[in-house]
Amino acid sequence: MRRKVFVSKVFDRKVVVITGGCAGIGRALAVRMAQAGARLAILDLDQAALDSLVQHLHSHHNADALGLRCDVADPQAVQQALALVIERFGGIDILVNNAGITHRSRIADTRLAVFERVMAVNFYGALHCTQAALPSLLERQGQIIVLSSLSQYAPVPNRGAYNASKHALHGLFETLRGELVGSGMNVMLVCPGYTATDLRKNVLVGDGSTAPHPALALGRLASPQDVAEAIYQGALKRRRLLVLSNLSWKARLVARLFPRLYERFLLPRLLAGRQVVQA
């Protein structure tokens with residue numbers, strides 16, 4: 001099948017690496033980049049899903065795609081995977097740090113191992129991939145895209161490790177952006193709102209086991225395709241920050257400027273267990 005034709009050719013033949021790329025926002029972004037003519041390297045833990053996605057990208061979008069099984073929490077595995085990407089494609093133009101996990105448990109009831117695992121994937125995974133890809137990205141004046149969360153602005157209860165990992169990403173990548181001034185590289189932090197993804201199906205709980213969870217949310221759910229399109233458009237413009245909020249801007253403003261009001265009036269609604277899907 002012939003690839004769809006789009007007006008923009010910015011990403012035609014560009015090499016895009018997406019971590020956690022087999023589901024949700026990662027998969028939707030892989031498809032969107034393939035439609036734009038990009039060459040894709042998808043990192044994920046599910047080999048069967050990788051094989052299926054690579055076949056889909058090839059047959060439906062005529063995309064040159066590579067699927068690599070890789071745990072981003074393992075720095076040696078990341079180095080090996082990105083070395084294979086560079087060997088196959090010649091370099092990396094865009095790194096999308098999308099891989100992430102979450103948990104549902106009060107801080108007092110959460111084992112240290114859960115904090116360590118969430119940070120290992122969400123924070124250190126992004127760090128490992130960035131350090132491995134950075135020389136090539138600098139050479140090609142590329143772009144790093146980091147999937148953060150709306151919890152950066154309005155923390156959600158019972159997700160202390162998840163919220164902490166997203167705050168840490170901002171500290172890391174805002175620092176990196178400052179260090180890269182004048183290099184021609186761009187760093188874009190993306191904060192999606194509540195999105196209909198599969199992240200909630202394997203949620204860690206306080207003792208380290210996993211269980212499916214209904215999610216908490218305020219406002220309309222976004223689709224992964226809508227979020228991917230917004231990221232794509234932001235990458236075209238080389239944006240620095242993309243906040244995709246389906247949580248009222250008033251609620252975010254209250255959380256930032258009037259935290260006591262946020263804790264008193266909005267947090268009880270979240271704790272009441274309204275059915276929504278994990279951001």
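So, which residue forms a salt bridge with Asp71? That's Arg117, with the closest N and O atoms 3.9 Å apart. By salt bridge I mean a side-chain nitrogen of Lys or Arg within 4 Å of a carboxyl oxygen of Asp or Glu. Asp71 sits in the loop between β3 (65-69) and α3 (75-89), and Arg117 is in helix α4, so the pair ties together parts that are 46 residues apart in sequence. Helices and strands here are DSSP runs, numbered from the N terminus: H or I with at least four residues for helices, E with at least two for strands.

Quick housekeeping. This is a predicted model, where local features need pLDDT of at least 70 and side-chain atom pairs count only at pLDDT 80 or more, while totals for chains, interfaces and linings use all residues. Residues are numbered from 1 along each chain as its sequence is written, and side-chain values use heavy atoms, with hydrogens and water left out.

Back to that pair: Asp71 is partly exposed at 25% relative accessible area, and Arg117 is partly exposed too, at 32%. The cut-offs are under 20% for buried, over 50% for exposed and partly exposed in between, using a 1.4 Å probe and protein chains only.

The whole structure has 4 salt bridges. Another one joins Arg32 and Glu229, at 2.6 Å from N to O. Arg32 lies in helix α1 (residues 24-35) and Glu229 in helix α6 (residues 224-236), so here the linked parts are 197 residues apart in sequence. Arg32 is buried, at 8%, whereas Glu229 is partly exposed, at 29%.

Then there's Asp93 with Arg140, closest N and O atoms 3.0 Å apart. Asp93 is buried, at 7%, and Arg140 is partly exposed, at 30%.

Now the helices. α4 (residues 112-139) and α5 (residues 160-179) have axes that come within 8 Å and cross at roughly 20 degrees. Those axes are lines fitted to C-alpha atoms over the stretch in contact, with angles running from 0 to 180 degrees between N-to-C directions.

As for who's touching, residues including Phe115, Met119 and Phe123 in α4 meet a set in α5 including Tyr162, Leu169 and Phe173; contact means heavy atoms within 4.5 Å.
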